[in-house]
Structures are given as C-alpha cells and as structure tokens.
Amino acid sequence: MVTSEYERRIAARFAGFDQDGNGYIDREDFSAAAKALLAEFDTAARSDRGQALYVGAEAFWQGMAGIADRDGDQRITREEFVNSAVKRLRDNPERFAEIARPFLHAALAVADTAGDGTVGVDNTARVLTVLGVAENLAGQVAGALDTDEDGRIGEEEIVLAFARYFTVPE
Ligand code: CA
Ligand code: CA
C-alpha cells in the first residue's frame with residue numbers, strides 16, 4: 001500500500017483529535033483533551049480556568065461537528081474528517097481558528113503559569129503534545145512561534161499555528 005505524505009499527515013491529525021483512539025471523533029475526545037490539559041498543568045476541573053476549558057472544548061466540538069458530522073450521528077468518522085473537515089478547513093483556516101479559539105484561549109490561561117498573559121515555549125510545547133502534536137515536533141513548532149526569541153508566545157500566534165497545523169495543505 002502506498003501512503004502519500006498527505007495521507008500520512010491527515011492520519012496524524014485525525015489521531016490527534018481522536019484522543020481515546022476508538023476510531024472516531026466525538027464529544028468525549030474533546031472533554032478528554034480538556035481533562036488531559038488540566039492534569040498536565042495540575043489545575044482543578046472545578047476551578048474557573050478548568051470550567052472555561054470544558055466550555056471551550058464543548059464549543060470546539062460543536063464547531064467541528066457542524067462542519068464534519070454529515071450524517072448527524074454525533075461522531076466524526078475518518079471519512080467525514082477527510083471529506084469534510086480537512087477540505088473545508090483547508091479552504092478556510094480562519095474558520096478553524098474561530099471554532100478553536102475559545103478552547104485555545106482557555107488552554108493558554110491554564111498554561112500561563114507565570115500569569116502574565118503569555119505562555120513560555122516549554123509550556124506551549126506541553127500544550128501541543130497533550131493536544132496530539134508529535135512530541136518531537138511540538139518543541140520545534142513552539143520554538144518557531146517565538147519569532148522575537150523572547151521565550152514567550154501570545155494567543156494570536158498559537159491560534160494561527162494550530163490552525164495551520166490542522167488545516168494540512170495538500
Ligand atoms: Ca474518539
Ligand atoms: Ca457522523
């Protein structure tokens with residue numbers, strides 16, 4: 001079987017969303033991602049930041065389902081992901097940024113351990129890894145975001161990078 005680089009990358013993105021690895025993306029995967037991030041940064045689910053993250057995860061799921069769950073069964077299969085999500089989001093990365101933003105905003109608040117409204121390169125890499133970006137890539141991606149090399153990364157940069165990563169160019 002010949003697997004193109006494009007197919008390989010799509011499979012990696014699907015696996016990133018399918019947090020529990022059961023072969024489809026659903027609401028559980030988004031709450032699992034929120035739970036994993038809270039565990040990574042030792043934050044209580046009942047805290048304000050924890051609650052905001054769960055609300056953002058639900059909005060992210062609703063946005064993805066709206067784009068990709070064509071048969072409305074509350075599951076995004078790999079076929080739905082490839083045929084709907086990937087194509088539509090590739091044509092419109094801003095749309096992806098929009099549906100992911102509340103979740104990413106809340107995730108950054110959780111990862112903002114210095115409390116200054118930005119996130120360090122190391123914590124950014126931790127967020128990306130929890131969200132399914134391969135560990136060896138996460139550090140590079142996070143480092144590349146820090147264009148002025150002050151070691152800090154803001155929300156806009158993260159949202160754009162996340163959109164770019166998940167809206168795989170062909
Ligand atoms: Ca799943
Ligand atoms: Ca479906």
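Biologist: Which residues in α5 meet which residues in α8?

Modeller: P93, F96, A97, A100, R101, L104, H105 and L108 in α5 meet E155, E156, I158, V159, F162, A163 and F166 in α8, contact being heavy atoms within 4.5 Å. This is a predicted model, where local features need pLDDT of at least 70 and side-chain atom pairs 80 or more, while totals for chains, interfaces and linings use all residues. Residues are numbered from 1 along each chain as written, chains are lettered from A and ligands numbered from 1 in written order, and side-chain values use heavy atoms, without hydrogens and water.

Biologist: What makes α5 oblique to α8?

Modeller: Their axes come within 9 Å and cross at roughly 130°. Under 35 degrees is roughly parallel, over 145 roughly antiparallel, 65 to 115 roughly perpendicular and the rest oblique, so α5 is oblique to α8.

Biologist: Why are α6 and α7 called oblique?

Modeller: They pack at about 135°, with axes 8 Å apart. The pair is therefore oblique too.

Biologist: Which atoms coordinate the calcium ion (ligand 1)?

Modeller: D18 (OD), D20 (OD), N22 (OD1), Y24 (O), D29 (OD) and D29 (OD) do, at 2.2 to 2.5 Å. Donors are N, O and S atoms within 2.8 Å of the metal (3.2 Å for Na, K and Ca); water is not among the atoms, so sites may look incomplete.

Biologist: Why is the arrangement called irregular?

Modeller: Six donors are octahedral if opposite ones are over 155 degrees apart and all others between 65 and 115; four are tetrahedral if all angles lie between 85 and 135, or square planar by the octahedral rule; anything else is irregular. Here the angles are 53 to 155°, which makes the arrangement irregular.

Notes: Axes are lines fitted to C-alpha atoms, for helices over the stretch in contact, and angles run from 0 to 180 degrees between N-to-C directions. Helices (H or I, at least four residues) and strands (E, at least two) are DSSP runs, numbered from the N terminus.
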